[in-house]
Amino acid sequence: MPPTLAAVAALPQLGLRSRTGPLPDAPVVWVAVSELEDPTPFLEGGELVLTTGMRLTPANAAGYVSRLVGRGVAGLGFAVGVIHESVPAELLAAARGQGLALLEVPRPTPFIAVGKAVSRMLAAEWYEDVTRAYQGQRELTRAALTGPGAVVTRLARLLGGWALLLEASGAVRHAEPAGARDRAGALAPELARLRRRPAKGDPAGGPARGGPAASLALSDRDDHIAVQRIGLGGRPRGFLAVGTGAPLPPAAHTLVGAAVALLTLQSEGPRTGRDLRASLAALLLGRPGDGPAVPRGPVRVLACAGGTAVLDALESDPAGTRCPAVPLDGHVAVIVPDELSGTVEALLAGTGPVGVGTPASGDLAAALREAEEALAAARQTGRDVLRYADLPGQGVLGLLDPAVARAFADTLLAPLRKEELVETVRAYVAANGQGEAAARALGVHRHTLRARMRKAAELLGRDPDDPAVRAELWIALAVTSSRGDRIGHRGDSHSGLPEIA
């Protein structure tokens with residue numbers, strides 16, 4: 001909230017004095033200096049208007065005050081000792097009669113000093129809003145580790161209002177407080193507006209391109225409501241509705257946007273897999289002006305199994321506070337500037353297993369996959385921290401020319417991709433040619449696996465039971481894994497790089 005007129009008048013360095021009694025809690029949104037007889041065409045309302053009364057006369061004082069009151073200014077500051085030795089009696093009487101707060105500005109106080117003081121107060125308020133919004137986003141992220149209901153509860157408390165998480169049908173999934181559930185019925189017609197896809201250029205609904213509206217706002221004397229869609233694409237996964245007693249300030253809109261992103265992350269993740277979750281995480285963390293941004297320059301992604309302990313550790317250290325974190329399925333992804341990697345790894349080592357990806361400058365999805373594979377291996381081996389570069393086989397891959405290795409992998413695996421056999425071969429190679437183990441890893445019958453491998457052998461023109469052929473396949477599959485273009489990865493207990501007998 002902007003500073004109040006009373007707070008501005010209380011600044012001792014300005015020496016302002018109220019001439020109309022106790023000052024109201026009217027917010028001061030700006031300071032405007034004007035000597036016009038009618039400055040209102042250049043005002044928006046909420047300003048502290050400063051004047052020396054250059055054009056003020058006993059005859060026009062009442063009209064001057066009336067125009068300022070009609071515009072809704074926060075107050076009038078009148079400088080004495082410049083044009084007028086004291087506040088004119090006619091002006092003072094009009095201000096008192098019409099309810100306009102009037103401050104006397106002493107001769108030693110220049111108008112610019114008042115403007116600078118208010119500007120500093122506004123900047124301080126803005127900084128506090130940004131700080132609260134950032135802290136609120138961290139609280140929402142922490143709540144997301146528990147589930148959608150915790151996000152809704154935390155959001156309602158941060159806003160000082162109520163919140164509803166609705167299914168796509170409009171049914172209530174979570175309500176905070178519980179009494180907010182009764183508001184769902186009144187929102188049903190509005191949800192229909194968010195579901196429908198309006199005709200092109202329809203001003204009543206979505207954008208001109210014909211897409212559905214993403215949000216809407218409703219208000220009456222006592223309630224200000226915002227409703228937003230949850231989910232990506234044309235069909236919503238649900239809706240988030242929040243209500244407060246006053247219009248939401250910008251910082252509150254930031255919190256609502258963060259909650260929608262987290263709820264979308266949770267609703268879409270099980271359907272579309274880790275690639276979508278990674279891209280949504282990058283979107284959430286890198287949205288300009290909407291909270292913590294992805295650090296510039298090379299970064300590493302850490303996949304951490306410690307849950308809320310990870311967030312506590314990050315908040316306890318200056319290096320950790322520079323690292324955005326987002327909850328994913330079963331772990332927390334932390335984005336760390338490469339130069340802080342060692343410090344943050346040591347900071348998080350005691351929270352649970354940690355997997356560390358290789359440095360990345362843009363492709364966070366690939367970096368997240370690396371970190372997740374390293375985390376899976378760390379869980380298996382009992383390591384506190386394990387880097388993707390230290391996984392078995394990564395040293396061998398580092399000896400290969402990347403362009404040559406990619407061309408080799410693409411050529412060798414191309415026939416398998418056409419028949420969607422890559423994951424079958426991957427499981428077979430990972431099991432060292434043991435059909436029973438590969439079938440269990442894929443969740444298929446052993447006869448199905450044999451049939452698929454016969455087809456793969458025909459397409460490859462090679463025998464996968466030959467150790468030399470399996471070695472070639474291992475290299476090709478490992479190269480595609482490091483590039484992030486694996487097809488249909490099941491997320492099982494393997495580190496992602498098959499072993500060779």
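In which order do the strands of the open sheet stand, and is their pairing parallel or antiparallel? The 5 strands follow the order β7-β6-β10-β9-β8, and the pairing is antiparallel. This is a predicted model, in which local features need pLDDT of at least 70 and side-chain atom pairs count only at pLDDT 80 or more, whereas totals for chains, interfaces and linings use all residues. Residues are numbered from 1 along each chain as its sequence is written, and side-chain values use heavy atoms, with hydrogens and water left out.

**The sheet**

- Strands here are DSSP runs of E with at least two residues, helices are runs of H or I with at least four, and both are numbered from the N terminus; two strands pair if DSSP finds at least two bridges between them.
- The edges of the sheet are β7 (172-176) and β8 (215-219), each of which has a single partner strand, so one side of each is left without a neighbour in the sheet.
- On average, neighbouring strands of this sheet are turned by 15 degrees against each other, direction ignored.
- Strand β6 (residues 162-167) pairs with strand β10 (residues 238-244) in the antiparallel sense over 6 bridges, and glutamate 167 stands opposite glycine 238 of β10.
- Glycine 238 in β10 also has isoleucine 230 opposite it, and β9 and β10 pair in the antiparallel sense over 7 bridges.
- The antiparallel pairing of β8 with β9 runs over 5 bridges, with serine 219 opposite histidine 224 in β9.
- Of the 7 residues of strand β9 (residues 224-230), 6 are buried, where buried means under 20% relative accessible area, exposed over 50% and partly exposed in between, with a 1.4 Å probe and protein chains only.

**Helix packing**

- Helix α5 (residues 148-159) lies across β6, β7 and β10 and runs at about 35 degrees to β7; axes are lines fitted to C-alpha atoms, for helices over the stretch in contact, and angles run from 0 to 180 degrees between N-to-C directions.
- The axes of helix α14 (residues 422-430) and helix α16 (residues 446-460) come within 10 Å and cross at roughly 105 degrees.
- Thr424, Val425 and Tyr428 of α14 make the contact with Leu449, Arg452, Met453 and Ala456 of α16, contact meaning heavy atoms within 4.5 Å.

**Nonpolar cores**

- A nonpolar core is a set of buried Ala, Val, Leu, Ile, Met, Phe, Trp, Tyr and Cys residues joined through side-chain atoms within 4.5 Å.
- The largest such core has 37 residues, and those with the most contacts inside it are Leu140, Leu155, Leu159, Leu240, Val242 and Val256; helix α7 (residues 250-272) gives the largest share, 9 residues.
- Apart from neighbours within four places in sequence, leucine 140 is in contact with residues including Val151, Leu155, Leu255 and Leu262.
- A second, separate core of 23 residues includes Leu412, Leu416, Val422 and Val429.

**Backbone features in loops**

- Most residues other than glycine have a negative phi, and most peptide bonds are trans.
- Glutamate 176 and proline 177 are joined by a cis peptide bond with omega of about -5 degrees, and proline 177 is found in the loop between β7 and α6 (184-195).
- Asparagine 432, in the loop between α14 and α15 (435-442), has a positive phi of about 60 degrees although it is not a glycine, and its 25% relative accessibility makes asparagine 432 partly exposed.
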